Structure formats: structure tokens, C-alpha cells
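Please keep the sequence and the 3D view at hand while reading.

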Amino acid sequence: MINRKIKWALVGYDTVVFLLVGVVISFLQVGVAGGSFLSMAKWLGACFVSVMVLRICWDIYAQIWRYAGVSEFVKLVLSDGMACVFCVGSYIVFNGANGSVGLVAVILGNLFGCLSLRLCYQWTYQHRTLNAGFALMMKKMLKILTGVSFINEKEDTGNRIKIAIIGAGGVGAMLADELQKNPKAVYEPVCFVDIDEKKAGRDIGLLPVLMPEDDLKPKLDAKKVQEIVFALPNVSSERRRDLYEYYGGMGYKIKTYDYPILDSDESSKRRIHDFKIEDLLFRSTNQFLNDETKAWYRGKNVLITGGGGSIGSELARQIARCQPKRLVILDVYENGAYDIQQELRIKYGNELNLRVEIASVCDKEGIDKIFREHTPDIVMHAAAHKHVPLMERNVCEAVRNNVFGTLNVVEACEKYHVKRFIMVSTDKAVNPTNVMGATKRMCEMIVQSRSGENTSFSATRFGNVLGSNGSVIPLFKRQIAAGGPVTITDSRIVRYFMTIPEASQLVMTSGAMASNGELYVLDMGKPVKIISLAMNMIKLSGLEPYKDIDIVETGLRPGEKLYEELLIKTEELDKTENDKIYVERDKPLSKEEIAGKLAILEKALMTQSNHLVKEALMQVVPTYKSPEEVNEQAIQAEEMRQAAGA
């Protein structure tokens, strides 16, 4: 059935094109091959009718040409091709081959004119936000010819943010094209910058490609560049840091362009955004999970203690993707557990067998009941008190929850024949200088002492987690939003950082490869100076450190040291099949030795004295040192030297 929604204005334009081509070709045909204008006019009329009828039959005039793709243009070519075959064939039957070339020339010339008209209209419409050069000329010409204005008052682009795109590759070109075609875009690309000398001095989509030379700043200023956008999906973390410092030093606000990854679990929507906190670390984000690891969790009952916390909730998200038989979230804090429960229910509905239990790991009978009911195959132990200053003032609670809570979960795993126990640890457990770190080191020793026949035990150690509850990043954000000052404890302090998904995937991967008693450590790259992180966050907010937002040192907190270590004995470090995960071969203590240490702690807890419990903790964790002792030697530490050279 023929579509009757014909764009008659376009039929009129095509008719004018046909007449112009027909008149020119007729004069040439008659002048060269002879014949009469009357005969030529008759056949031109027949050709015109044939072309129009076939175009209408093929819905050529029902197309919206401003959005046309290859298929629409191919349809036009095929339609006119059929008209050409029909007309030329008829001409040869009645008049012979002599003179048929003229008809072919008319139809092909008309097709070329119609294609050109549509392509010019489409290009001008898609680039209607450009107001200079060829684009401006095309808009004026088509407005004269068609009466169409390609910029409406609602599409005024005078207030768009002018940007320079760093990277003139495929992603950068796609970004520029997308912004040029979108009249509602906030950004207007004015140039590219690329180190490729073959591209320098040339244009991509009417935008010049500049080289990052000494005179780049005046060139960018001449084009009124307001912001810099990185379109470099494959650049190394070191190169990204250099570029950030180079363009940031020019005073430009820097943003980055997300390009969708096909196998990403996150949203694949492309967007320009401010540098994320992860970008500020200038380190490559590691992806640990592979199909083999995911398959290891598939179809199993998994229980996560502390499942409502930052790490625990991300573990729940990752495990849910692996299609477990059952996922049990255990937490004493009901709000966090409720939030992750609702998130997973909205995403998976009834496809995920999800259970939430509100209980404390200190409640031995409660833990026993939960294990008896759910019979987990895998237990991921993320429940712990982690805030260093708070635990310095609440030593009894730190030992009760972290040490004896872990013991309760470990013993429940042994009693109910859980296949795998995976504990989340921290770099603060290495030569600890605070109560929290010492309790986590004690937990590691408990895990390492277990070599049961039914359960495999392991612990995974990593550094600070970006964006976790109570971490420094949310604090800096709140302080910047409030107008400052940003507070740091000491300008010399350095830390290792990783993202929450990295930390969770590390726990899952190391847990899947564990056999028994291993202590896994991640290669986290170079440590980061906290003051550098604070300054970069202020700059990302469009402000200047010490001018718009002050940075104030408040002094080291109780138990805090200038740097964290990841390894106890680096000479005993073994590599795994994953080149980012290592095994610390620390000699485990026997269960009897651990029992003796636990008895000392339990006796001290009975006094309810923070002071006596802390003394007992220092007795049972021989690597526990005072922060003053460690900080005095900090300048000699490898971590401090690495951060200074970063």
C-alpha cells in the first residue's frame, strides 16, 4: 500500500532539479546527436512521470530526510535506477539506441542533484549549531532556496560552553559530531588537541587539530576555550596524570568523556562529567572477576557478614550477578541492610533468593541459629569496627566485636562444615599502631591458624577504599561544599587507595583461588599523598587551594601513622595466577597458641578497662607498635619515598 504522506514541497524541489537537468541535457543532446526538441521533451516527460511514480511507490517522499541513513539513500538510488531501466528500454524499443545516452544522462544527473540537495539539507540541519565558515554559508543558501531557518529561537546556542577536545581519535571525533548535531548540548567543541603530527594542521568535522606546543595556550584563548574534555579511553594512568597537570596548570577546568564498554555492568550512556575521585588517583582500575570466578560462586549459598556496609553491600551486588542459590545478608545495622535489600529486589525481583538477617557477630547463639538455618557454602566476613579514632576510645568494644566476633563466625563455619571462609582485612593490620589495626591482625592470625578438614580459610588485605563510609573522600566533599577549610591530619601522610568494586572483586577472586590459611595482598600501585588528593578535589570543584578553600593541618589522631604498609615480610611474597594478587606466606600459629592469646584478651575484657585490654592486645600482637615509634622512622619507609616521587 502506497504511503500518502507525501512531502509536496520536496516534490517541487525535485521537479525544479529535473527541469534544470533536462533542459541542459536536451540542448546538449540536440546539438551533438541531432533530433528535435519536441521528441526529446516527450521522452523527458515520460521519464519524469516514471521517476516520480516509482519514488512515490518506494515511499521516497514519505521519508524524513534530516534523519536519513544509508538505507534511505539506497532506496532513492534503486528507485531511480528502475526508472532509468524502464525509460531507456522503452526508448530503445521505439527509437533504437541512438539518443538513449541523453535519457540516461538526464536521470543520472537528476539523481545526483536530488542526492546533493538531501545531503546538503541533512548536513546543514545536523550542524545547525555552527555559526561560522561553510556551515553558515550553507544555512544562508538553503534558507534562500527553501525558506527554512535552521536555528529556532529555542535553539539559541550563544551560551554554550566552548571546549577543546583532547584526543582526535575515533572517540573524540564521535564526541564532537554528537555535540555539533545536538542543539540542546551544553558544550560546543571548537578544536581538537592531539600529539599525532599527521593530524596536526588538519580538520575533523570543520574543527582544527592543534598540537600541544608552547603556543597552545594563546591558541586556545583565541578560540575562547572555557573547559578541556579528555576523550582518551585507552590512555595510561601516568599519561592521564601528566595531561591533567599540564592543562590544569593552564587554569582550565578539566572534564572527561565516558565511552561505553560493551561488557560493562554499569550504564552504557555516554556523557561528559567532572573527573571522578578514581580518576584523581591516576591509577588503572583493576577488573578481577572473570567467568571462571563467577562460575565458582554460581549455585552456592553465600552469607555476607556486615552485608549492609560499604564493602559488604558491594560484595552482595557482585555475588548477585553470579546467580547464587541463596544470598544471605547479615548485619547488626538495619538501615544499611535494608538499603541493599531494596536495591537488589528492585534489580532482580524473584530471580534472586535473598535473605536478610539482623544480628551481631558478637551474639554466638544468634550466629549459630543463622548458620543452622541457612547452611551457607561460602561465608564472606566483612563485619568489623573500622574507625581508628573511635576504636582508640572504645578498646573493649573493638576487641569484643572484631576479634571475638570473628572467632564466633569462624567456629560456626567449622561446626556447620562451610566450604569456604573469606575474611576482609586491612593494610592497618601490618605492623599496627592502633587498636583497630591490632584487632584485625589478631583476626588474621585466627584465620591462619585454622586448617580444618571441612572449611578452607583465607583473608584478603587491601588499603583504603574510596567513598566508603567514614573515608576521607566524603569528608573532603562536605568540607568543600561548606566553603572549607579542608582538614588533613598531617601534610606528610600517605595512603594506598582502591575503589569499592575493586576491593569487593579482590575478595571474591582471592576467595575462589584459596586453598587454606592464605593471606592475600593486592598490588595497589603507588601510595597517594592525602594533601595532593585534597588539592585536586578542590581544583575539580573549580576552586583554588589556599585561595578559595584553605587546607588546615589538625595533627595526627591517636593511633594514626604517616603511612600504611601492605606486607609484613616482602621476601616471603608469592605470586598467584592473577598478576595483581599476591600471597603473604606468614608462618601460622597453632590453634593452641591462638587459644592462649584469646584467653589473655578474654581475661582483660572481663575488667572492662580500655587500658588493660589495650595492654593485653599489645601482648598478643607482637607487631603492635606505638605510632610515635613508627612515625619517627617514616622518612625511611619505601611507601613515603614512592609517594614523594609520584
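K591 forms a salt bridge with E414, their closest N and O atoms lying 4.0 Å apart, where a salt bridge is a side-chain nitrogen of Lys or Arg within 4 Å of a carboxyl oxygen of Asp or Glu. This pair joins distant parts of the chain, since K591 belongs to helix 20 (residues 591–605) and E414 to helix 15, 177 residues apart; helices (H or I, at least four residues) and strands (E, at least two) are DSSP runs numbered from the N terminus. K591 is partly exposed at 41% relative accessible area, and E414 is likewise partly exposed at 23%, with buried meaning under 20%, exposed over 50% and partly exposed in between (1.4 Å probe, protein chains only).

## Basis of the values

The model is predicted, so local features need pLDDT of at least 70 and side-chain atom pairs count only at pLDDT 80 or more, whereas totals for chains, interfaces and linings use all residues. Residues are numbered from 1 along each chain as its sequence is written, and side-chain values use heavy atoms, with hydrogens and water left out.

## Helices 15 and 16

Helix 15 (residues 395–415) packs with helix 16 (residues 435–449) at an angle of about 20°, their axes being 9 Å apart; axes are lines fitted to C-alpha atoms, for helices over the stretch in contact, and angles run from 0 to 180 degrees between N-to-C directions. The two helices are therefore roughly parallel to each other, a class that takes in angles under 35 degrees, while those over 145 count as roughly antiparallel, 65 to 115 as roughly perpendicular and the rest as oblique.

Within helix 16, E444 forms a salt bridge with R441, the closest N and O atoms being 2.8 Å apart, and the two residues, 3 apart in the chain, are separated by about one helical turn. E444 is buried, with a relative accessible area of 0%, and R441 is buried as well, at 6%.

## Other salt bridges

The count of salt bridges comes to 23. One of them pairs E188 with K162, with 3.7 Å between the closest N and O atoms; E188 lies in strand 2 (residues 187–193) and K162 in strand 1 (residues 161–166), 26 residues apart. E188 counts as buried at 14% relative accessibility, whereas K162 counts as partly exposed at 22%. Elsewhere, D14, R55, D80 and R118 are linked in a network of salt bridges.
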